[in-house]
Structure formats: C-alpha cells, structure tokens
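Visitor: I have the sequence and the structure open. Can you take me through some of it?
Guide: Go ahead and ask.

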Amino acid sequence: QVQLVESGGGLVQAGGSLRLSCVASGSIFSINDMGWYRQAPGKQRELVASITKGGSTNYADSVKGRFTLSRDNAKNTVYLQMNSPKPEDTAVYYCAADARRYYGGSYVRYWGQGTQVTVSS
C-alpha cells in the first residue's frame, strides 16, 4: 500500500506564511504527479497546485504568485509554501500522488487524510 502523510497545517494570520509537507511512503516503485487539493465547507474539492516528476508546476489562478509548490523526489515529498494567505484560503488541504507500486503497473491516485488550514483576518 501507499500512504501519504501531511503536516504543517494550522492557524495562520492573513498575510503570514505557512508550509505544508506531504511524505509518500510504502510500496512505491515510482511517483508521477504530486499535488495539493483543498475543500472548503460546502464547496467541491479543487486543485491548488500540482507538480510533475520533472518539476513542472501548475497553479490555480487564485493562488498564483502567493503559493509555491516544490518536491524532493529522493524523499517522495512535496511541499506547499503558502505566502500571504487570505481568509478564503481556509480549507482542508489534501495531498495527492499518482504512484505505481511495481514496474509496468498502472498509476493510481492516492490521497492523504487532509490537514486543516485556517486563515484569520
């Protein structure tokens, strides 16, 4: 199995900064895309940012210029640096990784358990 463990969530003031981390572990042969999604109360889960194995990134328009996504392939870890967060960034943040467990296997999307981020005004 593959497990994703997130850390770094919590309460932050608007205009501050917060860094989320996510480590993938378990029976992993390789990981393709990794990223973060979020879900606010009463809303659908949405993509925040994603990163390919080669380091190409994709950001939601709402976070461009404020959030930075990076990854350490050797550690199977992805980081989300959240600068100048806004109250509307308040949500549960979920880590996601497309991983395969053996050579020739299919990539499967795995999810973390979620970490709460609350931005106070």
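Visitor: Where does K43 lie?
Guide: K43 lies in the loop between β4 (30-39) and β5 (46-51). Strands here are DSSP runs of E with at least two residues, numbered from the N terminus. This is a predicted model, where local features need pLDDT of at least 70 and side-chain atom pairs count only at pLDDT 80 or more, while totals for chains, interfaces and linings use all residues. Residues are numbered from 1 along each chain as its sequence is written, and side-chain values use heavy atoms, with hydrogens and water left out.

Visitor: Is K43 buried or exposed?
Guide: K43 counts as exposed, because its relative accessibility is 57%. The cut-offs are under 20% relative accessible area for buried, over 50% for exposed, and partly exposed in between, with a 1.4 Å probe and protein chains only.

Visitor: How many Å apart are K43 and P85?
Guide: From C-alpha to C-alpha, they are 19 Å apart in space, and 42 residues apart in sequence.

Visitor: Now S30. Buried or exposed?
Guide: S30 is found in strand β4, and it counts as buried because its relative accessibility is 9%.

Visitor: What does S30 touch?
Guide: Leaving out residues up to four places away in sequence, S30 touches K53, D98, A99, R100 and Y107. Contact means heavy atoms within 4.5 Å. With Y107 there is also a side-chain polar contact of 3.1 Å. A polar contact is a pair of N or O atoms within 3.5 Å; within protein, one must be able to donate a hydrogen and the other to accept it, and residues adjacent in sequence count only if both atoms are side-chain atoms.

Visitor: Which residue in β9 stands opposite S30?
Guide: R100 does. Eight bridges join β4 to β9, and the two run antiparallel. Two strands pair if DSSP finds at least two bridges between them.

Visitor: How many residues of β9 are buried?
Guide: Nine of the ten residues in β9 (residues 91-100) are buried. β9 is also joined to β10 (residues 108-111) by four antiparallel bridges, with A97 and Y110 as bridge partners. Three bridges join β9 to β11 (residues 115-120), again antiparallel, and there Y93 stands opposite T115.

Visitor: Different topic. What is the strand order in the open sheet of four strands?
Guide: The order is β1-β3-β8-β7, with antiparallel pairing.

Visitor: Which strands stand at the edges?
Guide: β1 (2-7) and β7 (67-72) do; each has a single partner strand, so one side of each is left without a neighbour in the sheet.

Visitor: How many bridges join β3 to β8?
Guide: Seven. C22 stands opposite V78 in β8.
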